[in-house]
Amino acid sequence: MSSAACEIQHIKKAVIYCRISTLAQVHKGHGLASQETRCREFARAKGYQVEKVFTDKAVSGGIIDRPGIQAALGHLKKNRNAGEYVLLIDDISRMARDIRAHLDLRDAIKEAGASLESPSIEFGEDSDSVLVENLLASVSQHQRQKGAEQTKNRMRARMMNGYYPFSPPLGYKSERISGRGKVMVRDEPLASIIAEALEGYACGRFETQGEVARHLKAQPEFPKNRYGEVTIEAVNRILTRPFYAGVIGKHEWGVSLREAQHEALITYETHCKIQERLAGHALAPARADISNDFILRGNVACASCGHPLTACWSKSKTGKKHAYYMCFKKGCTEYRKSIRRDAIEADFAELLSRLRPAREMVEIAFGMLQDVWDQLLARGAIQRLALNKNIRDAETQVQKLVARIVETESPSVIAAYEKKIAALESGLVLDREKLRDIGKPKKAFGEVFELALGFLANPQKLWDSGVIEHRQTVLKLAFAERPAYCRKRGFSNPEASLPFKALGAICGNGSLMAEREGFEPSVRLRAQRFSRPPRSTTPAPLRGSGGNSLQRREIQEGTARQ
């Protein structure tokens, strides 16, 4: 064998490994490219032939199970008999920032038949070299731990001041504001979509998490998973985050619940209502068969057996599809007898058209709500005193419990005290929010009750909108129970829900309140309703079924007029 061939055979082959723990290192001059350049210069000076470069991006040096380093070890093991190999690293901290991880990787490199070299340190097997290597590995570990501690302390301090230091939750984005640093701000339209979902679940507009998921899926701007779905898990994360109520806290860091510096989507009171509903209801998956194709499915009962009607498509001999509702209750006289979809849905629309009180009765209901609204505002001073007392008492209890924790050594007693403190702090946040907002409604009276009164005045209008959520709202709120339907006779006279029942009694027209032809209120009734003297702001208890004596006289006059 010639001398040139022997020289080629003994050339060492090198494998380069580079790692960055954060993507920001790329911009600070400690990126992968700079590490690779240093290692290649070192290899050229040593006469090594570089075969491959393995990298890990944004991976901590405190762990061994990294894709890049494991791939490098795999390459060395695979070629352990193909020549003498060297693993090159820019610095000892690039391979590991943990003494145990460093030693385990050193053993793995040795088992693969390779050696470790770096332009920053000379590795050796003598005692002095091993001591220096272990010291440098320990220093690297200390730097990682110290950096983590400092980061945690800075984040904790931000939280103590009411700022959220983590990645922005869905519906928010981070913006740097002069003098305040990074602050979470609303990210529209996602923020408004999430707010609507939270408010809807709290008030019962969405009965289950499945309905919330279906509502969010219908919003084009809301992000979906790879299957185009919004999962129940994603909905539950949104429903359980106090962040959306403008409250933050982290028990593990000793940061109690407190008002945050970002704009809330809902009130903390609404958040508490959501948690109460979640605690009382099991997770419910979203049904795939709820759509406008068969909106009455499960919401209308069979008149013969009372079982909810189901629905399906049927294909004729010509191949044309026809939509039918039917009863699938075995033993029922109407079992599997088809009801044309157009017929039952037209009858239901006609039923809603009769569920409409006279305009004057809606005006009276509007006046009753206005009186209640005014009285609640007038009671603000009394409620403010009570809330201040509750806040002082709760703060005193928290101080006493903290003092007891310092004095006791029993872990179970400490845990019980901490649980009690957490409950008190949650109550404090709620009371402070009420104290801040009491007597200051966020919206005007008309804006708050506009949708509700519009629904009472004409539920058919909401139904005719065609929006599935609006239609489901009508189905839930219009009737006290499922309307029963007969193929031959249509809908029977169903029991209306409480608001319509009350207005129906006023109208003297039973449960269904179609306006009677020629009905007109007296001029005196109109004059009383719109020209009576200003209401007193003195709190007064409501009497009767709702409203004061003047309102009851109006109702009596209207009823007598009918």
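Across the whole of this predicted model, a search finds 13 aromatic pairs. One of them joins F166 and W253, whose ring centres are 5.7 Å apart; the planes stand at 40 degrees, so the pair is tilted. The two residues come from distant parts of the chain, 87 residues apart. F166 sits in the loop between α6 (127–160) and β5 (172–177), and W253 in the loop between β7 (247–250) and β8 (255–259). F166 has a relative accessibility of 27% and therefore counts as partly exposed, whereas W253, at 15%, is buried. Ring pairs also place both residues in a cluster with Y164, Y172, F243 and Y244.

Another aromatic pair is formed by F294 and Y325. Here the centres are 5.6 Å apart and the planes make an angle of 85 degrees, an edge-to-face arrangement. F294 belongs to the loop between α10 and β9 (301–302) and Y325 to strand β11 (residues 321–326), so the pair ties together parts 31 residues apart in sequence. F294 is buried, with a relative accessible area of 4%, and Y325 is buried at 0%.

Helix α10 (residues 268–280) also takes part in a helix packing. Its axis comes within 8 Å of that of helix α7 (residues 190–203), and the two cross at roughly 60 degrees. The helices are therefore oblique to each other, and their crossing is left-handed. On the α7 side the contact is made by L198, E199, Y201 and A202; on the α10 side, by T270, K273, I274, R277 and L278. Of these contact residues, five are nonpolar, one is polar and three are charged.

Notes. Residues numbered from 1 in each chain as written. Predicted model: local features only at pLDDT ≥ 70, side-chain atom pairs only at ≥ 80, totals over all residues. Heavy atoms only, no water. Axes fitted to C-alpha atoms, helices over the stretch in contact; angles between N-to-C directions. Helix = DSSP H or I, 4+ residues; strand = E, 2+ residues; numbered from the N terminus. Parallel < 35°, antiparallel > 145°, perpendicular 65-115°, else oblique. Left-handed = near helix turned anticlockwise from the far one by under 90°. Contact = heavy atoms within 4.5 Å. Nonpolar A, V, L, I, M, F, W, Y, C, P; charged D, E, K, R; others polar. Phe/Tyr/Trp six-rings, centres within 6.5 Å; stacked < 30°, edge-to-face > 60°. Buried < 20%, exposed > 50% of the residue type's maximum accessible area, 1.4 Å probe, protein only.
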